[in-house]
Amino acid sequence: MKLLRASTLACGLLLAINARATEKLRYVIVLADGRQAGEQIVEHGDDGLTKVHYIFKDNGRGPELDEQYRLAADGTFAEYQVKGTSTYGAPVDEHFTRTGNQAEWKSTSEQGKQTVGGAAYYVPLNGTLEANSVAIAAIAQRGDDKLPLLPAGTLTQRKLDEVEVNRDGKTERVQLLAFTGLGLTPNFAWATTDAKPRLFAFVVPGFMVAIEDGWQGNGKLLTEHQQAAEAALLKEMAVRLEHPLSGLTVIRNARVFDSETAKLGSPSDVYVLRGRITAVLPAGSPVRADNQIDAAGRVMLPGLFDMHGHVGRWDGGLNLATGVTTVRDMGNDNGTMQQMLGEIGDGELLSPQIVPAGFIEGESKYSARLGFVIKDLPQAKAAVDWYAEHGYPQLKVYNSFPKEILRETIAYAHSRGMRVSGHIPVFLRAQDAVDDGYDEIQHINQVLLNFLVTPTTDTRTLERFILPAEKVAGLDFDSKPVQDFIGLLKSRQTVIDSTLATFDFLRQRDGQMSAAYADVADHLPLDLQRNLRVGSMNIPDDATAARYEKSYEKMIEFVGRMYRAGIPLVAGTDALPGFTLQRELELYVQAGMTPAQALQIATRNGAKYTRTSNDRGSIAPGKLADLVLFDGDPTTHIADIHKVALVITQGKLVSPREVDMALGIKPFVENAPVLTALPPVPTNSGGNAIGRMRAAAGLDAKD
């Protein structure tokens, strides 16, 4: 599970601090459960050199960075460097200098130079919070709420809120700032309100607070205000990008994909009313509707399922624009999840529908701090009860869960009507978890560690990534242990959520474009393209690179073997929403499935294993109108999965082109079908079939 990359927490978060009389300033990073997970110490030298030490550790991983810089007169970097290790252990070594109008930079993944005039802020790829927070001080110095960026772009600042915070009788006013121009969605930071504002706190609601040491007691207050401010922005986005379908709408001349048979049908007209499909008729049938959309022979799929998300409130646009109408959330802060479910139900959040899985973890220094972190069986049962009572259909077990109570916990969850899946708890193998009652396993590494771990292998650490990268290349998939395990999974019908696409990072070297996003990178903003060239793993030489490449290719092969053996699969991501699911399906085709079979996994199987087959997963009367139109034909050419032309879900129409443009993404489809009104349809007894039948039966109203 990859909740936050190092670059997300330590590079994408825009926090502010201004060099001032204080020589040393400390920030603490506190997780939602109150546990400190890191710190940042900033020292300003008399010679103008600032030094920063940053460390963040959660879930058995995290970056450790040392940074130093000098500022130019305009508040931007004149000199900058950072060294250390990334979240997954890759070396970090990045430098920037500007002399006059000449700027040059070099890191382990890129190098460049540029002639610039005026202020220009270099955006580090691997920086600490402090390095990127310098941007706010530079914006304050300019006074126009904008800052030109290097290599390209402009950062824009907007004030959203202001509150008073307290500490030992001392009060201070702090302001919530929103920043756009980096990434696909706004970033938020709390800063002081003086003439030279500095960082006060950075909040990820439901996950963590980075705050000036001594002011930790204000974290809840800041979180509540930020959640409210974000909610207002999100509601405005939903109103702007979701278009309610009023009256009866017909989507004419669409080639409908049958997810049960994995076959494309003949052209049809699909009728939609109040968010549900009311009829599927042969194309060309008489039209009686208030609105129409001419599909012009496009392929129509049921809405896609992403079966492994960790949904954030800003993820909805990416999901919907790529045809994802349902996400199974595999671990979240419980309060945040309940908030999102409420906002979706009230129509205030641009989002797919969410099917939540309840996250349960054991207490250890490596624990992931989501959901419930338990120590014993009574606590585990209490967590299961909470999830069952809140309508969660599934439980997800994590790395530190006590192996001694696994079987009883699974049995109890089953007795409450819940499915059980997860990582494999430390010091167990996958076959042990299946024997104890697992219905499903998350991630291809967790599956293949079955053949790689010893009784003392600690899979709560980076070993759960390094060991598969090193050793899968040498596995004999035709050996008896492997074939016996495949037989066990088949006999138990254990579902596999492989998340193949997200494990592309195992083989990516610094400077190479991530193969997971190579097909879409040109459509993304430059800052994201830069980040997609940053490697995560420590791959020091060509021999290691070749070994890791072979291991990843064999992971893809193993997924194909499982499919052909009759083991059920679901398509999940655990990474960048939307685009990662598209890549996941492309990898299934690489593993030997047909495009139609891959799409069946992302539709029918998604519904089956979220227990929503009664209203999703196929296109039929009575089911929810979760419908996606594509240019091209992804049922025969899987690359066409990127050409999403139109999405209907939750009684609303979403234009992927419109969403993409709002997020700063170059659209994938230029000429999408449009909704047009039809002449009014008579609704009295003389004007429609139902009225005529009522009249013939003598049921029409009399004066």
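**Note on a predicted single-chain model**

1. Serine 364 sits in the loop between strand 24 (353–362) and strand 25 (372–374). Helices (H or I, at least four residues) and strands (E, at least two) are DSSP runs, numbered from the N terminus. Serine 364 is buried, at a relative accessible area of 14%. Buried means under 20% relative accessible area, exposed over 50%, and partly exposed in between (1.4 Å probe, protein chains only).

2. A word on the basis. This is a predicted model, where local features need pLDDT of at least 70 and side-chain atom pairs count only at pLDDT 80 or more, while totals for chains, interfaces and linings use all residues. Residues are numbered from 1 along each chain as its sequence is written, and side-chain values use heavy atoms, with hydrogens and water left out.

3. What does serine 364 touch? Not counting residues up to four places away in sequence, its contacts are Arg369, Ser400 and Arg460. Contact means heavy atoms within 4.5 Å. The serine 364 side chain also reaches the backbone nitrogen of tyrosine 366, at 3.0 Å.

4. Now the whole chain. Its secondary structure comes to 17 helices and 34 strands. The radius of gyration is 27 Å, close to the 27 Å that the globule rule gives for 703 residues, so the chain is as compact as a globular protein of that length. The radius is taken over C-alpha atoms, and the rule is 2.2 Å times the number of residues to the power 0.38. Along the principal axes, the C-alpha atoms fill a box of roughly 95 × 65 × 50 Å.

5. Of the 703 residues, 59% count as buried. Among contacts with a separation of 6 or more, 63% come from residues 24 or more positions apart.

6. The charges can be summarised briefly. The chain has 73 positive and 85 negative side chains. Lys and Arg count as positive and Asp and Glu as negative; His and the chain ends are not counted. The centres of the two sets lie 3 Å apart, with each charge placed at NZ of Lys, CZ of Arg, CG of Asp or CD of Glu.

7. Phenylalanine 372 lies in strand 25. It is partly exposed, with a relative accessible area of 25%. Its contacts beyond four places in sequence include Asn334, Phe359, Trp386 and Tyr387. Phenylalanine 372 and glycine 632 are 260 residues apart in sequence and 45 Å apart in space, C-alpha to C-alpha.

8. Aspartate 631 lies in the loop between strand 31 (627–630) and strand 32 (644–649). Its side chain is joined to that of arginine 298 by a polar contact of 2.6 Å. A polar contact is a pair of N or O atoms within 3.5 Å; within protein, one must be able to donate a hydrogen and the other to accept it, and residues adjacent in sequence count only if both atoms are side-chain atoms. Aspartate 631 also touches Asp640, Lys643, Ala645 and Val669.

9. Histidine 243 is in strand 16 (residues 242–244). Is it buried, partly exposed or exposed? At 30% relative accessibility, histidine 243 counts as partly exposed. Its side chain makes a polar contact of 2.8 Å with the side chain of glutamate 658. Histidine 243 touches Lys652 and Leu653 as well. Glycine 651 is 408 residues from histidine 243 in sequence, yet 8.6 Å away in space, C-alpha to C-alpha.

10. Some backbone geometry deserves a check. Most residues other than glycine have a negative phi, and most peptide bonds are trans. The peptide bond from leucine 150 to proline 151 is cis, with omega near 10°. Proline 151 is in the loop between strand 10 (146–150) and strand 11 (154–167).

11. Two residues have positive phi. Aspartate 168 has phi near 50°, and alanine 262 has phi near 60°. Aspartate 168 lies between strand 11 and strand 12 (170–180), and is exposed at 77% relative accessibility. Alanine 262 lies between strand 17 (249–258) and strand 18 (263–273), and is buried at 17%.

12. Glycine 511 is in the loop between strand 29 (495–497) and helix 12 (526–531). It is partly exposed, at 27% relative accessible area. Glycine 511 touches Thr108, Ser109 and Arg533, leaving out residues up to four places away in sequence. The C-alpha atoms of glycine 511 and glutamine 338 are separated by 40 Å.
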